[in-house]
Amino acid sequence: MKIVLKAALATGLLASPATAAELTVLTAGDQNMVDYVNEYLAPLFEEQNPGNTVRVVGTGPGDAGSQKIVERSEAQGKANAETWDYDVAVVHEKFVGPLVKAGYLEQYRDRISTGKLVTRANADMALGTDVKGYVMPMFNSQTALAYNPALVSNPPKSYEELVNWAKENPGKFGYNGIKGGASGVSFVMGWIYAFGEGDANKLMNGPFEEAETKKWDGALASLKDFTTNAQLTPGNAGTLDMLSRGEIAIGPVWVDMFYSWQANGQLPPEFKLVLPEPGMPGQPMHYVIPSKATDVKLAEKFVELATSPKVQAEGIVERFSWYPGIDAQHVQAELEPASWNKLFTDVTPEDLAKNGKPFPIAPYNSAILEAYERSVSN
Amino acid sequence: MTTRLTGLLLVLPALAMVLLFFILPLSASVIGAFEVETGFGLANFVKAFDFYSQDMLFTLVIVCLSTVLIGLLAIAIGGYLTLGENPRAVAILRNLYRWPMFIPFIVVGQVMRTFLAKNGLMNSTLAASGLIDPAQAVSLLDWRGIVIAFVWKQTPFVALLVAGSMASLDRGTIEAARNLGASRLRILVEIVVPQVARTIMVGLILSFVTMMSVLSVPLMINAQSPTMLTADIAFRINAYGDYGTANALGTISLVMSAAAALIYLRMTLRERS
Amino acid sequence: MMRMSPLSLDLWWLPRAASLGLLAFVIFGPLGNLLLWAFTEKWYYPHTLPLEYGLSFWSKVFSARGNALESLSNSVLVACLTVLLSLALAVPAGYALARLKLPWRGAILLAFLIPQAFPNLTVYVNIARLFYQIGLNGTILGVVIVHTTHGLVFAVWIATAAFSAVDHELEQAARSIGAGPLRTFFDVTLPLALPGLMASAIFVFLESLDEFTGSYFVGAPDVNMLPLLLYTAGSGGNYQIASITAVLLLIPSIGFMLFVERFLKADVLSRVGH
C-alpha cells in the first residue's frame, strides 16, 4: 500500500509542471477541433519552433466546453496561482466577455503580425463587450437550415416560408429548443429577429433597454404555435441525428458540424444547407491568451501561426470548409478558386453577407432565453 | 464510551476525506444558493420554483419509477440466479445481465438515442423480422427513453448486489420450504426478499442518487421541457452564468436524495433498536 | 411437481428461452448498436445497417499524436488506486457503522452520500480552486482523491450493509474459543463480508473509470484520462470515436471484474478445506 502511494506521488510529481517549453492549448468544441489543433496545427508549430511541444485538451462541445475554460480560469484566478496551467484557449464568442471583464486575458492582438488582417466587427465586440485586442478569431461559424433534398425539393428561403412549410408538413421540421445547444438557440434568435416587434439591429448592437424586452410576446406566442408542428430534437447533434435517420426533413444546424458529420459518414453527402431570410446568427471561435500563461511570447507565436493566411486557407477552409477567421481576401489569395468556391456551394457569399447575423448582445440574449423558457416551453 | 470512541476513530479517516475534499468546497455552493444581490435571501429558490417546479416533479417521477422497475427486475434476476433449477439457464442469465453496467452513462445516452429512435436500430430490427409494421414505429425518445436508459444501466448494479447477498443466505430454510411444496415465487417473496431487504434498499438508494445526478442521459435523450433538474442546472450555468439558481436547484436535488436516504436510515434504525 | 417428468422439463425451456431471448435482445441490442458504430465508416437512413465498415476511426484514436493509450493507462492506474484507497477507508468505517455504537450514525451515512447527491457542476470550480491552492492540481493523487470522495458512498454504504449481514453468533463463537477481536475480525467477519466488499470495489472502479468532470478540473492538462476523449466525442455526436472509447474502457472494466471474481472464488474455496 505504502509503495503504491509513493509511486502515485512520484508519478504525480513527475507529471506536474513541465520543464521544457510546453505549450498547453485548451479548446472548447467538438472532437474535430481537438484533432485540428493536435494533428495539424501542433506539428506545424513544433516544426517551426524546434524544441517546443504543444499539447491539447478538449473541454467539450458547445457552451459547456467554453464554460469549463472560464471556470478553470476562475479557479486559478481565485487561488492566486502564479502561472496558469494553460497558455492558449479557444472559446466561443459569448465567453470572451466575462474573461475580459474579469481581467484574465492578455491584450495581444496588436503585437502579432496577423492582428491587422482582421477587420470584422465581431473581433472587436463580443455580444456587447469591448474585447478589442484580446482575441483573434479562429474561424467564423454560422447556423443554417440543413435539409434532405429528397424530401424537400423546394426549401423555404425565409422564416415566413418555413412557417408555411411546417404547417403543410407537420412533424418534418425539428429543432432542439434552447437547452440542448446553440443551434436551437440560434433558430430562436433568428425567429425574434424575423417576427419580434422591436428593432433587430438594436438587439445585435445595443444598447440594452428594458422596454425592448416587452416586444417579443407576439413572436414567442407564434413560436409556441409553430413548435406544435415541429419536433423537438435532443441537442445540436440530435438534430443532425434525426436528419440522418430520415425522421425530420429540415432543421437548424451549425454549418461546421454539418460538414464534419458528412465527413464522418454520419450524414448523406447529398444533404444541403439554406440560410433563410432575414437571417440566422453565427459566431466566431476565438483564440485567447491568459495574462498568467507560462510563456506569453510562445503563445502569441502560436496564435500568429494559427491565424496566418496560409494556415487559415489550408487548415480552416480546405480541411473543414469552415469560414475563415481573418478577412476573406487574405485567405482567398492562398487558395485555388475551386477550393474557395467549395466553401460557398450552398450558401453564397451574398447570402452570408446579408443573412449571417451576430447573436443578440448578452443582456438581450439572456432575456430572450428566459422569455422562451417562460412562454414557449411551459 | 470507549466503543463509541473506537467507532468514531474508525469512521474518521473516511469522513475527513469527504468533509475536506467535498463538503467544504460544496458549502460555498450551498451558501451561494442563498446569496442575492442585497445579501442573503430566498430569491434563487423562488426563481427555481417559478421556472422549474414542473421539472422537479418530472425528475422525481422519472427517478422513482426507474427505481421501482430496477428493484423489481433486480429481485427477479437475483431470485432466478438463486432459486433457478436449470443450471444452464442460470449460467446463461449470469453471463447475460451484467453487460450494461460497464457502459458509461454518456455512451448509454448515445446508444439509446440511436437505438430507440423512430427509425433507430430497434424499430428497424423489429420491422425486418416482421414483428412490427414500419409505418407504426414510434420514437421512445421522451420520458420513456430516459427511464429505459436508467433501468438498462442501473439494473445490473442492483442485481449484482442482490444476487450476491441472496447467494450467501442459508440454503436450509429454502430447501425446507421447497420440500414442503412452496412455489419458488412464494419462497422468493416470503423468505428470500425479506432477508436481503437491506441490501436491496442500499442498492436502490445508491441508484436513486446516481440517477438524480446524471446529466448526459437527459441531455442526449430529451432535454426539452419538462426535463430533469441536472439539465436545468447545466442550462442555468452555461446559458446565463447563473450559479445562484443552479445552486438552488442543486440544493433541492440534494434534499430529494437525502429524503430517499432517510427512509432507509429510519428503517435500519428501527431494526437496530 | 411438474419438473418431475422429463417431458414437462423440456417444456420449461419455452418460457425460459423466450424470456432469456428477450433479455438478450434488450441487453445486446443497444450493445450491438455500439459495436456497429465502432466499426462504421458510413451509416445513414434509409440503410438499416452501416453502408461501409472500416477501421479509419480506430487509427484516428490511436494516432501518434493522440494520447489514447497514455490516457487509458492513467485511467486504469487512477481507478486501481481509487479502489485501494476507498476500501482502506471504507472497511473500518463500514464496520464501525454496522457494529459499534456511534453517535449521529444517520448523519454520518448521509455525509458520504452527498458527493453523489449534489449535482456536481457548480462544485468543481470550488474544488479546483482548493486543489490549486494546495498544489494537488495536475497530479495523479489529486484525481484519486476526487474519485475517492465520489466512490466512498458505494464503498461505505455497501460495506456497512455487508458487515451488518454477518451473523453475530459466528463472531461470538470465535471469541468464545479464545480468538482476539482482531483475529475474529480478520478470520470470521471480513471473509463473510467479502462478497459485498468486492462488489463495492467493482462499482468504485467503474465510477472512477467513467468520471469526467473531476478528471478535467483536477487532472488535465497534466494527467489526461480517457473519459475526456469520451466526453468530447460523445456529447458532440461523434459516434464512432465515442463508441471506440467505450469499447476500450470495457477492457479494464471486465478484466477487473473477472479478477475480483477469481480472487473471490479462490478465497472462498480455500476456506472450505479448513
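How many helices and strands are there in chain B? I looked this up before anything else. I count eleven helices and two strands in chain B. For the terms, helices (H or I, at least four residues) and strands (E, at least two) are DSSP runs, numbered from the N terminus.

**Ground rules.** I am working on a predicted model, where local features need pLDDT of at least 70, side-chain atom pairs count only at pLDDT 80 or more, and totals for chains, interfaces and linings use all residues. Residues are numbered from 1 along each chain as its sequence is written, while chains are lettered from A and ligands numbered from 1 in the order in which they are written.

**Chain B.** I read the element order from the N terminus as α-β-β-α-α-α-α-α-α-α-α-α-α. I get a box of roughly 75 × 70 × 25 Å for the C-alpha atoms of chain B, along the principal axes.

I then turned to the UniProt record. An unreviewed entry lists "transmembrane region" at residues 56-83, 95-116, 146-169, 200-223 and 243-265 of chain B. UniProt positions are given here in the numbering of this model, with feature names shortened, and annotations may be inferred rather than shown by experiment. I checked two of these stretches. Residues 56-83 of chain B are 100% helix and 0% strand, with end C-alpha atoms 40 Å apart. Residues 95-116 of chain B are 64% helix and 0% strand, with ends 24 Å apart. The record also places "domain: ABC transmembrane type-1" (unreviewed entry) at residues 56-264 of chain B. That span is 77% helix and 0% strand, and its end C-alpha atoms lie 22 Å apart.

**Chain C against chain B.** I find 75 residues of chain C in contact with 76 residues of chain B (contact: C-beta atoms, placed from the backbone, within 7 Å). On the chain C side, α7(C) gives the most, with 13 residues. That side divides into 56 nonpolar, 15 polar and four charged residues. Here Ala, Val, Leu, Ile, Met, Phe, Trp, Tyr, Cys and Pro count as nonpolar, Asp, Glu, Lys and Arg as charged, and the others, Gly among them, as polar.

I followed α7(C) to one partner, helix α1 (residues 2-34) of chain B. The two axes come within 10 Å and cross at roughly 135° (axes are lines fitted to C-alpha atoms, for helices over the stretch in contact, and angles run from 0 to 180 degrees between N-to-C directions). That angle makes α1(B) oblique to α7(C) (under 35 degrees is roughly parallel, over 145 roughly antiparallel, 65 to 115 roughly perpendicular, the rest oblique).

Which residues meet? From α1(B) I note Ala14(B), Met17(B), Val18(B), Phe21(B) and Phe22(B); from α7(C), Ile145(C), Val146(C), Thr148(C), Thr149(C), Leu152(C) and Val156(C). They divide into nine nonpolar, two polar and no charged.

**Chain A against chain C.** I find 43 residues of chain A in contact with 43 residues of chain C. On the chain A side, the largest share, seven residues, comes from α3(A). This side holds 17 nonpolar, 15 polar and eleven charged residues.

**Inside chain A.** I see chain A divided into domain 1 (2-140 + 284-344) and domain 2 (141-282 + 354-375), with bounds from an automatic or database domain assignment. Their centres, over C-alpha atoms, are 28 Å apart. 15 residues of domain 1 of chain A contact 16 of domain 2 of chain A. The domain 1 side has six nonpolar, seven polar and two charged residues.

Note on methods. Two residues are in contact if their C-beta atoms, placed from the backbone, lie within 7 Å.
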